[in-house]
Amino acid sequence: MIQVDALDKSYGTFHAVQQVSFRVNRGEVVGFLGPNGAGKTTTMRILSGCIGATAGRALIDGLDVLEDPRGVKRRVGYLPELPPVYPTMTVQDYVAFAATIKGVDDVATAVTRAIGMVGLETVAHRVIDHLSKGYRQRVGLAQALVHDPDVLILDEPTSGLDPAQRVPRAAPRAGGRRPHGHPVDARPQRDRSRR
Ligand SMILES: Nc1ncnc2c1ncn2[C@@H]1O[C@H](COP(=O)(O)OP(=O)(O)OP(=O)(O)O)[C@@H](O)[C@H]1O
Ligand SMILES: [Mg+2]
């Protein structure tokens, strides 16, 4: 489902991501681990089609993220580190906006479903700026889920969520199979013996 081969990303002379390779199969839930600055967010931004890589290859469901970023965005739900919300919109209007720009056919049904999945029903008509941090994070999750993507890429998704919400209730239908998981280690190769 996700195939990453020898991915590199440089900013000028600085190598943010170097030679990252891994596979994630359909139905798997994996954690992407590594110290601050290891390149996790950069890798996730490449996988979600937001930025290009300098070298290497990344495929989502067989689509090359560099060659077909639009196709990839249709298949991927992405929650960035900071939820990409418009604070002056209501929850319902914002999730509907996200559904519309993602090309969802039945926006009303998709919005109701996404809001239900992350438990936003009671605040659906409130302005996002008036919500607590955890509820704003749930709005970010709702926009990631609203187009029913095959792949969810979540950057620090439990940030701000209370312990009850950390249980992955919205996590993935996973192709109809029970999700199972393992960590992907983003630490540089030289640090991996230090557990
Ligand atoms: N647009 C950019 N321009 C220059 N350097 C960048 C840019 N974006 C990220 N970097 C650098 O790339 C490196 C990897 O950053 P990244 O945000 O991917 O790390 P991370 O593993 O997600 O860290 P954290 O655990 O703190 O979230 C860092 O040194 C960062 O400063
Ligand atoms: Mg990060």
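Predicted model: local features only at pLDDT ≥ 70, side-chain atom pairs only at ≥ 80, totals over all residues.
1. As to confidence, the pLDDT of the chain averages 87, and 85% of the residues reach a score of at least 70. Residues 170–179 should be read with this in mind, for their pLDDT is below 50, although in the model this stretch has 17 contacts beyond near neighbours in sequence.

2. Turning to the helices, helix 3 (residues 91–101) packs with helix 4 (residues 107–117) at an angle of about 120 degrees, and their axes are 9 Å apart. An angle of 65 to 115 degrees would count as roughly perpendicular and one over 145 as roughly antiparallel, and helix 3 and helix 4 are therefore oblique to each other. The crossing in which helix 3 passes helix 4 is right-handed.

3. On the side of helix 3, the contact with helix 4 is made by Val91, Gln92, Val95, Ala96, Ala99 and Thr100, while helix 4 brings Val107, Ala110, Val111, Ala114 and Ile115. The residues of this contact between helix 3 and helix 4 comprise nine nonpolar and two polar ones, with no charged residue.

4. Helix 3 also meets helix 5 (residues 133–145), where the two axes come within 9 Å and cross at roughly 30 degrees. Because angles under 35 degrees count as roughly parallel, helix 3 is described as roughly parallel to helix 5. Here, too, the handedness can be stated: helix 3 passes helix 5 in a right-handed crossing.

5. The contact between these helices is built from Val91, Tyr94, Val95 and Ala98 of helix 3, together with Val139, Ala142 and Gln143 of helix 5. By class, six residues of the contact of helix 3 with helix 5 are nonpolar, one is polar and none is charged.

Definitions and conventions. Residues numbered from 1 in each chain as written. Chains lettered and ligands numbered in written order. pLDDT = per-residue confidence, 0-100. Contact = placed C-beta atoms within 7 Å. Axes fitted to C-alpha atoms, helices over the stretch in contact; angles between N-to-C directions. Helix = DSSP H or I, 4+ residues; strand = E, 2+ residues; numbered from the N terminus. Left-handed = near helix turned anticlockwise from the far one by under 90°. Nonpolar A, V, L, I, M, F, W, Y, C, P; charged D, E, K, R; others polar.
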